[in-house]
Amino acid sequence: MNILIFLGPPGSGKGTQAKKLAEELKLPHIALGDILREEVRAESEIGQRAKELMNAGKLVPDELTIELTRLRITKADCGSGFILDGFPRSWKQAEALEQMLKENKWEVSRVIYFRIPEEEVVERLADRRSCKDCGAVYHLKFNPPRLEGKCDLCGGELYQRADDNEKTIRHRFEVYEQQTRPLIEHYVKANKLVELDASKPIDAVYKDLLKVTATAVVP
Ligand code: ADP
Ligand code: AMP
């Protein structure tokens, strides 16, 4: 089983890198933010509970994300592993994940920590654009689409997420510092953590990512 966890502040490039690596390793990319946005779009009960919290840059309740993760990682396509992006984000989630993995006799292969300062995150997220249809992610300056406002991959319309405004971005960074950052120490102690300089350009980060995962994943 190849189980990779991508940990780092919002805007550190977890989704961008996870999509590339998932394709290369043929593993599902499980992004809790994407799953939650789907629930919001579908106006499901979960979506209705999550919407306001997400727009305000707060974490949605642990029991929701834990249940969504449990449902997702036990699907057939996760049989040889998966990349978790944006989960766990709190102690309770980390404990629940450990329990879920134990029940299946699985183990985390590596936790990849995307290190980046707050100011860079603000710049990245303020100009992020996401595809309405396939969820692909662009940046107006660092990774622009070929045609303005249109997704390169599916032609879908690009939009700016409601939580990608400076005030909410700064709040999300604070939430990350308080609730998620403490997990780093936990994974260091478990001898699972490797650190990436996430400030480098996309291709350079990807090169580093391939290096640090090469010894952790089984073909
Ligand atoms: P996260 O999933 O960690 O929230 P994203 O992958 O969505 O972050 O990236 C946030 C924004 O920064 C996007 O607009 C993306 O295109 C851009 N981006 C991602 N990685 C880099 C990088 N290494 N250098 C510059 N911009 C990047
Ligand atoms: P992201 O797409 O990763 O930036 O996540 C967007 C928003 O979804 C976050 O600001 C939270 O409101 C919510 N979210 C995503 N993952 C989690 C999680 N593991 N726990 C709680 N809330 C989450």
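Q: Is K105 buried or exposed in this predicted model?
A: The relative accessible area of K105 is 78%. Exposed residues are those over 50%. On that basis K105 counts as exposed.

Q: Where does K105 lie, and what is its phi?
A: K105 lies in the loop between α5 and β4. Most residues other than glycine have a negative phi. K105 is not a glycine, yet its phi is positive, at about 55 degrees.

Q: In which loop is K26 found, and is K26 buried or exposed?
A: K26 is found in the loop between α1 and β2. Phi of K26 is near 55 degrees, a positive value in a residue other than glycine. With a relative accessible area of 69%, K26 is exposed.

Q: Which residues are joined by a cis peptide bond?
A: Most peptide bonds are trans. Here one bond has an omega of about 0 degrees and is cis. One of its two residues is found in the loop between β3 and α5 (91-103), namely P88. The cis peptide bond joins F87 and P88.

Q: In what order do the five strands of the parallel open sheet stand?
A: Strands of a sheet pair through backbone hydrogen bonds, either parallel or antiparallel. In the open sheet of five strands the pairing is parallel. The order of the strands is β2-β3-β1-β4-β8.

Q: Which strands stand at the edges of the five-strand sheet, each with a single partner strand?
A: In the order β2-β3-β1-β4-β8, the two ends are the places to look. Each edge strand has a single partner strand, so one side of each is left without a neighbour in the sheet. The edge strands are β2 (29-31) and β8 (193-197).

Q: Which residue in β3 is the bridge partner of I30?
A: Strand β3 covers residues 81-85 and runs parallel to β2. Three bridges join β2 to β3. In β3, the bridge partner of I30 is L84.

Q: At about what angle does α9 run to β8?
A: Helix α9 lies across β1 (2-7), β4 (110-115) and β8. The angle is taken between N-to-C directions, on a scale from 0 to 180 degrees. Relative to β8, α9 runs at about 165 degrees.

Q: Which residues does D208 touch, not counting residues up to four places away in sequence?
A: D208 is found in helix α9. At 15% relative accessibility, D208 counts as buried. Beyond its sequence neighbours, D208 touches L196 and K200.

Q: How many residues apart in sequence are the parts that the salt bridge of D203 and K20 ties together?
A: The side chains of D203 and K20 meet in a salt bridge (3.9 Å, N to O). D203 lies in helix α9 (residues 202-214) and K20 in helix α1 (residues 14-25), so the pair ties together parts whose separation in sequence is 183 residues.

Q: Is the ring pair of F173 and Y176 stacked, edge-to-face or tilted?
A: A pair of aromatic rings is described by the distance of the centres and the angle of the planes. The ring centres of F173 and Y176 are 6.1 Å apart. Planes under 30 degrees apart count as stacked and over 60 as edge-to-face. The planes here stand at 50 degrees, so the pair is tilted.

Q: Which residue in β6 is the bridge partner of S130?
A: Three strands form an open antiparallel sheet in the order β6-β5-β7. Strand β5 (residues 128-131) and β6 pair over three bridges. In β6, the bridge partner of S130 is V137.

Methods: Residues are numbered from 1 along each chain as its sequence is written. Chains are lettered from A and ligands numbered from 1 in the order in which they are written. This is a predicted model: local features need pLDDT of at least 70, side-chain atom pairs count only at pLDDT 80 or more; totals for chains, interfaces and linings use all residues. Side-chain values use heavy atoms; hydrogens and water are left out. Rings of Phe, Tyr and Trp (its six-membered ring) pair if their centres lie within 6.5 Å; planes under 30 degrees apart count as stacked, over 60 as edge-to-face and the rest as tilted. A salt bridge is a side-chain nitrogen of Lys or Arg within 4 Å of a carboxyl oxygen of Asp or Glu. Helices (H or I, at least four residues) and strands (E, at least two) are DSSP runs, numbered from the N terminus. Two strands pair if DSSP finds at least two bridges between them. Contact means heavy atoms within 4.5 Å. Buried means under 20% relative accessible area, exposed over 50%, partly exposed in between (1.4 Å probe, protein chains only).
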